Amino acid sequence: MAADLARRALRRVIPALALSPVRPAGLALVDLARRGALLGAILISGGNLLIPRIPVLAVVLLLGLLALAATARRRTGESIVGVVLLLGVVLLASLWRSGLAEAGALVTRYANFAAGLLMLLVYLRAGRERFVTDFVALGYPLAFVAIATVALATLAPPLFQPLEVEETVYHHLFLILNYHVQVEDLGGLMRANGPFYEPGVFHIYLNLLLYIFLFVKGNPRRAAVAALAVAATQSTTGLAIASGLGLLFLWRELGRGSIHRRAGMLLLGAAVAALVAGPVIDNLRSKLVGDLSGSGMARQFDLITGVNVILAHPLIGIGFDPETYRQVSGAFAFEDTLLEDRILADRGNTNGVIVLFYSVGIPLALVFLFGLFRQTMLPDRLLVGGLLFVSLLTESILFTPFFQMFIMSGLLVHLRPRRR
């Protein structure tokens with residue numbers, strides 16, 4: 001009798017403990033581990049050169065494993081067999097192409113693959129809505145960092161201290177507010193770098209934040225902050241993507257609500273377009289024919305040279321070692337470029353999509369791109385996939401953990417539930 005009473009008491013106490021104030025504290029620790037791992041993955045995926053890659057990668061793996069172990073299992077009906085199969089084929093192709101000659105580059109690349117896969121497993125178990133919450137928690141403060149960088153660099157330049165990293169001079173305030181180069185065509189404004197090595201990387205995360213506020217959260221005020229932060233990077237690609245997101249949001253909103261609401265949205269959209277059209281056109285003109293036209297010529301050189309390398313090695317590529325590309329690309333370099341020899345000497349490739357194709361070959365690269373456009377980390381698969389694809393055309397960071405998480409999510413195999 002006493003034993004039965006004890007069992008009944010335990011059955012009531014255990015659910016009560018699950019709802020007690022002790023449990024939220026445990027969940028908070030899990031949240032911190034998960035967000036810490038996501039922050040580390042972001043910093044590896046385009047962080048500035050002061051961030052040590054290997055220690056941060058180790059932290060990502062450690063915190064990711066802790067978050068995975070502390071999160072309750074849930075059946076999602078999704079399997080990573082497609083991801084494992086792709087990574088296995090890439091490994092076999094690499095070994096067949098060069099044996100162990102590129103072992104160092106291969107280990108580095110697969111460590112990044114492992115971090116991306118681990119982050120995917122964390123959010124498969126925690127739920128993709130957690131990814132949105134975590135990304136907003138990390139990304140929204142970065143939007144204010146971008147805006148504050150431009151404001152303070154304009155109003156109080158002496159606050160920033162110069163720091164040279166590999167022949168590039170960065171100006172920083174406590175290593176938190178950073179800017180890169182002065183854009184003469186835009187009135188001497190500075191370009192916000194955030195914790196990344198250039199504004200062209202920073203805008204990717206800010207545009208993802210803008211997408212979330214517009215299409216997932218439906219928060220126009222925060223979307224305006226994210227859009228202003230993108231403008232603070234003064235990235236041509238970033239401004240184009242932000243403008244596209246804004247136009248698409250306006251187009252969708254024009255089909256909803258009363259006629260008065262639609263008219264108001266149309267007037268608002270016209271006012272915003274008139275406000276941003278000038279700076280966007282000026283930025284684009286400066287990259288094509290202005291003082292920054294060298295940037296456009298560099299992109300052209302990387303594109304044509306990279307395509308030549310791809311056509312010379314179409315099936316399995318040349319591997320992941322940047323030194324191999326530097327050696328191979330010399331014979332296929334774009335000869336009609338106006339770039340100076342000092343820029344071309346020992347040059348890598350800044351086009352992430354081109355790097356993908358010449359690294360693994362055309363067949364496997366198409367599988368990676370299939371995963372990118374089929375991603376399931378955020379709604380609107382094609383829109384988010386297109387956003388990332390366009391961004392990666394100017395940044396060679398596709399093989400880093402954050403972007404691999406998106407690609408791998410699109411390669412998940414959906415299992416049918418077993419019949420009883």
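This is a predicted model: local features need pLDDT of at least 70, side-chain atom pairs count only at pLDDT 80 or more; totals for chains, interfaces and linings use all residues.
Trainee: How many residues does helix α4 have, and how far does the helix reach?

Mentor: Helix α4 covers residues 81–98, which is 18 residues. From first C-alpha to last, α4 reaches 26 Å, close to the 26 Å expected at 1.5 Å a residue.

Trainee: Which residues of α4 are buried?

Mentor: Gly82, Val83, Leu86, Leu87, Val90, Ala93 and Ser94. Down the axis of α4, the buried residues fall within an arc of 130°, so they line one face of the helix.

Trainee: What do the buried residues of α4 pack against?

Mentor: Their partners are α5 (103–126), α14 (352–360), α15 (362–373), α17 (401–409) and β6.

Trainee: And which exposed residues sit on the face turned away from the buried side?

Mentor: Leu85, Leu92 and Trp96.

Trainee: Which residues make the nonpolar surface patch of about 240 Å²?

Mentor: Val81, Val413 and Leu415 make that patch. Val81 belongs to the 81–98 run of α4, while Leu415 lies in the segment after β6 (413–414).

Trainee: Changing topic. How many salt bridges does a search of the whole structure find?

Mentor: Nine. One of them joins Asp134 and Arg35, with the closest N and O atoms 2.8 Å apart. Asp134 is in helix α6 (residues 128–155) and Arg35 in helix α2 (residues 22–44), so the pair, 99 residues apart, links distant parts of the chain.

Trainee: Is Asp134 buried or exposed?

Mentor: Buried, at a relative accessible area of 0%. Arg35 counts as partly exposed, at 26%.

Trainee: Which residues are linked in a network of salt bridges?

Mentor: Asp31, Arg34, Arg35, Arg130 and Asp134.

Trainee: What forms a salt bridge with Arg97?

Mentor: Glu102 does, with the closest N and O atoms 3.1 Å apart. Glu102 is buried at 5% relative accessibility, whereas Arg97 is partly exposed at 22%.

Trainee: What about Glu323 and Arg326, how are they separated in helix α12?

Mentor: By about one helical turn, because they are three residues apart in α12 (residues 322–329).

Key. Residues are numbered from 1 along each chain as its sequence is written. Side-chain values use heavy atoms; hydrogens and water are left out. Patches are made of residues with over 30% relative accessible area and no salt bridge: like charges are joined within 9 Å, nonpolar side chains (Val, Leu, Ile, Met, Phe, Trp, Tyr) within 5 Å. Accessible areas come from the Shrake-Rupley method with a 1.4 Å probe; for residues, only the protein chains shown count as cover. A salt bridge is a side-chain nitrogen of Lys or Arg within 4 Å of a carboxyl oxygen of Asp or Glu. Helices (H or I, at least four residues) and strands (E, at least two) are DSSP runs, numbered from the N terminus. The expected span of a helix is 1.5 Å times one less than its number of residues. Buried means under 20% relative accessible area, exposed over 50%, partly exposed in between (1.4 Å probe, protein chains only). The arc is that of the directions from the helix axis to the C-beta atoms. Contact means heavy atoms within 4.5 Å.
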